[in-house]
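Trainee: I would like to go through this structure by question and answer. Please show it first.

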Amino acid sequence: MSEGFKLEIVNPESSFLSKEGVTEVVVPAFEGDMGILKDHISIISFLKPGLVRIFDGSNEETYYVDDGIVEFKNNCLSILTSNIFDIKKMDKNVARDALAKAEQDNQKKDISDQNKYLIDQKIEVLKNLTLN
Amino acid sequence: MASLDDLKKRISSVKSTQKITKAMKMVAASKLRRAQESAEKGRPYSDKMNNIILNLSNSISDKENSPKLLSGSGEDKVHLCVVMTSDRGLCGGFNTNIIKKAKVYFQKILDEGKNLKIITVGSKGYDQLKRTYKDNIIEKISFKESKYANYFDADKVGKIIIDRFEKKEFDVCTIFYNQFKNVITQIPQEQQIIPLKNSESKENSSDDNYEFEPEEDEILSNLLPKNISTQIFKAMLENSASEQGSRMSAMDNATRNAGEMVDKLTIQYNRSRQAAITKELIEIISGAESL
């Protein structure tokens, strides 16, 4: 019996990450950050732009996602996302470009409240990323 | 009988054709490996996506108010067919097989007196369909400039489809593509994406009670457009692997045929050369005897 659960992150092009024995994952769910531990109830939720933090014993890995869906079932967490970066390897310039684009989108007048919320989130996260 | 010179020319031309087909085969083989890899890598995503949607649609309580992309517009009058083919030729029966499959379907739709609209992805499909179904083709899309199938392109096609659906331009949408089984076998597929048919992978769906955050409807209405793009992307990946596989086996056949032809022509060349020598000898001998 392992203490953790299985984590899979897939993007359309490939399976990005697959890991056994993860103890905790914090995902930026649409309605707020959500920590998932072993034996969590089955859940499906959306991601907003933010950081996915994966705890594996004493190690911690952090990834940036743009959007996505999480599904947790039978101690298996799947994250489907179209855009994901390891923030350690992430190019600052990429983050800056994305930030600039997000800010540009934010200037548009005809965006819906939901999109505005998502873009605001994105700007905040990216700002933090580019500062560090 | 062709003269010796003609035969020589033909042999060398067949040989150079063989060189080209051989090179094309090699190129296709190396591209195939890459395409196959990405097709296989892309499968988990689309399968998972399908599963989640299946689970969602099973647990949705209010079927009547479910998003239109899932349940359809309630009518069955206008069919949109997205025919996905390659941009390049010389790949055996690859394009023809898709077109054949699609044409059967088109005929069925037209016989039932329904409206048919076609979007072609890839220029070869357009070339083959424009003669018969020119008035039905509402859009042609081609990704000649992108080297490999990528999600960005798929998303573009998906957006076009959803856009047209929201303008109520069609009721049912079906995509046609080749599924890659192995290098020699590609199976033309038709897959209905709007409204979503969940006949397949029934055994995967469970009666698990999921917790949803936000509500089911909201998740679904966000997820379904993504699913369209994902399905298109899957089709594109399968297609590109099939295209390379099909081209590889077609070029392999061509190379072999060229080899056979060279052998045949060489025998013919040698025979006529020998015949010419014999003829000359006979002439010399009979000339000497008459002296």
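Trainee: Which strand of chain B is joined to β5(A) by three bridges?

Mentor: This is a predicted model, where local features need pLDDT of at least 70, side-chain atom pairs count only at pLDDT 80 or more, and totals for chains, interfaces and linings use all residues. Residues are numbered from 1 along each chain as its sequence is written, and chains are lettered from A and ligands numbered from 1 in the order written. Strands (E, at least two residues) and helices (H or I, at least four) are DSSP runs numbered from the N terminus, and two strands pair if DSSP finds at least two bridges between them. Running parallel to β5(A), the strand with three bridges to it is β6 (residues 211-213) of chain B.

Trainee: What is the bridge partner of A:I43 in β6(B)?

Mentor: β5(A) and β6(B) are joined by bridges. In β6(B), A:I43 is partnered by B:E211.

Trainee: Which strand gives the most to the side of chain A that touches chain B?

Mentor: Contact here has C-beta atoms, placed from the backbone, within 7 Å; 21 residues of chain A and 22 residues of chain B take part. On chain A, β5 (43-47), β8 (68-73) and β9 (76-80) each supply at least two residues. The most, four residues, come from β5(A).

Trainee: Which strands stand at the edges of the open sheet in chain B?

Mentor: The five strands have the order β3-β2-β1-β4-β5, with mixed pairing. Two of them have a single partner strand each, so one side of each is left without a neighbour in the sheet. They are β3 (137-141) and β5 (186-194) of chain B.

Methods. Two residues are in contact if their C-beta atoms, placed from the backbone, lie within 7 Å.
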